[in-house]
Amino acid sequence: MKIQVFDLPVIGEDDGLLKVEMCGVCGSDPRIFEWTDPERFPLIMGHEVLGRIEEIGSQASARWGIEKGDRVVVEHLFGCGHCRMCLIGEYRFCFEQLGYGGPIPSSVPPHLWGAYGEYMYLAPNSRIHRIARDVPAEAAAMTCANIGNGIRWVRTKGGVSVGDTVVVIGPGGQGLAAVLAAREAGAAIIVVIGLMGDNHRFQLAGEFGATHFINIETEDPVQSVRKLTGGALADVVMDLTGATSSAPLSLELVRPMGTIVLGSNTGEASVPLVSSKIAAKEIRYQGVNSHDTSAVRAAIKLVESRRYPIQKMVTHYFELAEVETAVRAAGGEIRLDGFIKGVIVPNP
């Protein structure tokens, strides 16, 4: 991967500059890495952002409630602030698709639109949140795009509540965050489904609150969930694998009138679904994409509480020159022992 060098931008009254402390490697980054549209390049990837405020304008400081030197996490989408979707609070679907780590090419001044670099520009509409200095960097870096996603996907969109049975398909970073969010929401049974090589992930899922584990290569997951629930099946199924095979399985695991939350990004691949099963069981099939500000604020409180060893999600560290290896490891193209989540440390 070619490393590009840009001059640091001049910061005005309404924007800021972040010195990147750590950036998580997202499961979507391998797909961004394979983009071929020339209009998207040059590009700085990286959108799971933790850093410290290097420079900030007075108006930006007042608006964000932060000062130079503060440690912050940054939501990767921020929006234009004036289109219909932004005005109704759904800035994630901004018509201009503004954000970090992919949406804005580096040809657009001031160029530093991603956290796979030493510094990142903070645009006026950015959504920035202070986080405690004593939180381990690994946990803090998981706040937005992992824990925030988990809270929004499980509780807000999935509707998980006290006493529910939740099945999480895929014990990756998003799956582990979903386990934690389900435990916080009061789920009574939390089942994690994975593969033969996921024992280390199962172990961490147990520390996050999972109650049962199913190796899909040696057990029938549907029969196992039936047995655990007395035949009732799951109230909510979280499909978070990134594989097309989990979609039809989720239909078998969810109870009648239950909910399937689809956060599995399969790219452009077709997913085989028997739609009549959705209708016959009156299943609510809920797609999810990213976090929002309310979920991030809840995630910060959870991370800062130190109730869970969230830092254990990070298993591998990479410098900027190793970004390609990190991205390919996140996509499973490169196998690394014990891998759960990788992070880029641009200023070691």
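This is a predicted model: local features need pLDDT of at least 70, side-chain atom pairs count only at pLDDT 80 or more; totals for chains, interfaces and linings use all residues.

**A close look at one helix**

Mentor: The structure holds zero disulfides. Cys 26 is in no disulfide either, with the nearest cysteine sulfur, in Cys 23, 9.3 Å away. Cys 26 is buried too, at a relative accessible area of 11%.

Now to helix 5, which covers residues 143-157. Its 15 residues would reach 21 Å in a straight helix at 1.5 Å a residue, but the end C-alpha atoms are only 18 Å apart. Twelve of those 15 residues are buried, so helix 5 is largely enclosed by the rest of the structure. Among the buried ones are Cys 144, Asn 146, Asn 149 and Trp 153. Just after the helix, Gly 159 takes a positive phi of about 70 degrees.

What about a neighbour? The axes of helix 5 and helix 11 (residues 293-305) come within 8 Å and cross at roughly 110 degrees, so the two helices are roughly perpendicular to each other. On the helix 5 side, the contact is made by Thr 143, Cys 144, Ile 147, Gly 148, Ile 151 and Arg 152. Helix 11 brings residues including Ala 295, Val 296, Ala 299 and Leu 302. Sorted by type, the residues of this contact come out as ten nonpolar, two polar and one charged.

Note on methods: Residues are numbered from 1 along each chain as its sequence is written. Side-chain values use heavy atoms; hydrogens and water are left out. Helices (H or I, at least four residues) and strands (E, at least two) are DSSP runs, numbered from the N terminus. The expected span of a helix is 1.5 Å times one less than its number of residues. Buried means under 20% relative accessible area, exposed over 50%, partly exposed in between (1.4 Å probe, protein chains only). A disulfide is a pair of cysteine sulfur atoms within 2.5 Å. Axes are lines fitted to C-alpha atoms, for helices over the stretch in contact, and angles run from 0 to 180 degrees between N-to-C directions. Angles under 35 degrees count as roughly parallel, over 145 as roughly antiparallel, 65 to 115 as roughly perpendicular and the rest as oblique. Contact means heavy atoms within 4.5 Å. Ala, Val, Leu, Ile, Met, Phe, Trp, Tyr, Cys and Pro count as nonpolar, Asp, Glu, Lys and Arg as charged, and the others, Gly among them, as polar.
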